Amino acid sequence: VEGLCLYTLGNLVVESEAVRKQLLPQGIIPVLASCIQSPHEAVLEGLGYVLSQLLQAKEAPTEIIPLVLDSVLPQHMLRLVCSGLKSGTGAAVEFAWCLHYIVCSHTANAALIALGAVPALSSLLCDIASEISQSFSEGLELLTCPVLRCLGNLLAEETGCEAQIQDERLLAALFTVMQCYLQKHPFIVPEGLWLLNNLTADDPFFCFALLSLDLLPALLQLLPCSQAASVLVLTVLCNVAEKGPAYCQQLHQRAALPLLLGPLALPDPEVVGQCLELLHLLFLHCPQAAVDFVGQGGPQTLKQHQSTPELQERVQALLDMALQPPGASIFSSSPAASSAFS
């Protein structure tokens, strides 16, 4: 009965701002907090549903989330999410979305990080990977999606919290999750790539691990999955290439260049733009990549985009870099080249 009452309350909350404004002064958050240690799965699911509706309200960042943070709710939400594989996943899914909405408000990430959300969710992701690699668990993707989003968005805040999770096992788990869900639930792939992008953006640890664990072929296989996946794969490759010559040489030696010619030929300015950024980094840090690009017919593909207004300056800069005379320094590119990529 309690679970049913909570779902009814959740439906009222989502439909009416007036109802929300009445409930908050009456102490709805402390009442919900008193329910979160209930042993009954139905009550916890209903509670998660009410909270997720409240946390999506437009006034949530200023009026609701501060009240939630002042209660015991965040630590118990995190506990219930991370125990979702052992107990019922229904409540874990609801509370994972609650955490996601809190993270998206950009008002409480320091509090969640202080609670240990980043290592706790990383550990959960490793457990999910282990579970689905042994036997495909239908429905677990519903928990995986908000967990990936929470982690990805917490790391995007540039709080330095990636230092808490410098563990190669997380990277291996992330690729296991993406590969296991690639066929049946492909929507998980961009979510995983968003997390991978934020893991590799600043800290070289995960860039090095990506290469040392030989995960580059698995990453490149995700290029054709979707437009969103293509952009994110290319962004991750740019993150790796930005770490300097040694990383660019590794990318070149592992045959990244031939696989770029496919997306480079697409009529999609966003995908092509990321290709151009990656090629610029490769040419800059690994001159042999420019030589091989010419040998593989790359300039002909590049020239297809010379009439695209938002790309033409960068296309010309790359053509200048790739086609400069033998013996010319690739680092002394034309003013147009350096300004195009500044």
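The legends below describe an overview and several close-up views of one predicted model.

Residues are numbered from 1 along each chain as its sequence is written. Because the model is predicted, local features need pLDDT of at least 70 and side-chain atom pairs count only at pLDDT 80 or more, whereas totals for chains, interfaces and linings use all residues; side-chain values use heavy atoms, with hydrogens and water left out.

View 1. Helices (H or I, at least four residues) and strands (E, at least two) are DSSP runs numbered from the N terminus. The C-alpha trace spans about 80 × 45 × 30 Å along its principal axes. Of the 342 residues, 52% count as buried, where buried means under 20% relative accessible area, exposed over 50% and partly exposed in between (1.4 Å probe, protein chains only). Among contacts with a separation of 6 or more, 73% join residues 24 or more positions apart, a contact being heavy atoms within 4.5 Å.

**View 2. The largest cavity is lined by Leu99, Val103, Leu112, Ala117, Leu121, Cys150 and Leu154.** On a 1 Å grid over the protein atoms alone, a cavity is a set of points where a 1.4 Å probe fits but cannot get out, and lining residues have an atom within 4 Å of a point. Grid points are joined across faces, edges and corners, and a volume is the space filled by probe spheres set on the points. The structure holds one cavity of 30 Å³ or more, and about 30 Å³ of space lies in the largest cavity. Helix 7 (89-104), helix 9 (117-134) and helix 10 (141-156) each supply at least two residues of this lining. The lining divides into seven nonpolar residues, no polar and no charged, with Ala, Val, Leu, Ile, Met, Phe, Trp, Tyr, Cys and Pro counted as nonpolar, Asp, Glu, Lys and Arg as charged, and the others, Gly among them, as polar.

**View 3. Glutamate 191 of helix 12 (residues 188-200) is buried, with a relative accessible area of 12%.** The side chain of glutamate 191 makes a polar contact with the side chain of arginine 149 at 3.0 Å; a polar contact is a pair of N or O atoms within 3.5 Å, of which, within protein, one must be able to donate a hydrogen and the other to accept it, and residues adjacent in sequence count only if both atoms are side-chain atoms. If residues up to four places away in sequence are not counted, glutamate 191 touches Cys145, Leu148 and Arg149.

**View 4. Helix 3 (residues 28-35) has Ile28, Ile29, Leu32, Ala33 and Cys35 buried.** These residues lie on the same side of helix 3, because they cover an arc of only 155 degrees around the axis, the arc being that of the directions from the helix axis to the C-beta atoms. Pro30 and Ser34, on the other side of helix 3, are exposed. Isoleucine 36, in the loop between helix 3 and helix 4 (41-55), counts as buried at 0% relative accessibility. Isoleucine 36 and histidine 76 are 40 residues apart in sequence and 7.0 Å apart in space, C-alpha to C-alpha. Not counting residues up to four places away in sequence, the residues that isoleucine 36 touches include Leu44, Leu73, His76 and Phe95.

**View 5. Helix 19 (residues 287-295) has Ala289, Ala290 and Phe293 as its buried residues.** They cover an arc of only 100 degrees around the axis and therefore sit on the same side of helix 19, while Val291 and Gly295, on the other side, are exposed. The cover over the buried residues of helix 19 includes helix 16 (245-253), helix 17 (256-264), helix 18 (269-285), helix 20 (298-303) and helix 21 (312-322). Just after helix 19, glycine 297 takes a positive phi of about 80 degrees.

Definitions and conventions. On a 1 Å grid over the protein atoms alone, a cavity is a set of points where a 1.4 Å probe fits but cannot get out, and a pocket is an open set with protein on both sides within 12 Å along at least five of seven lines; lining residues have an atom within 4 Å of a point.
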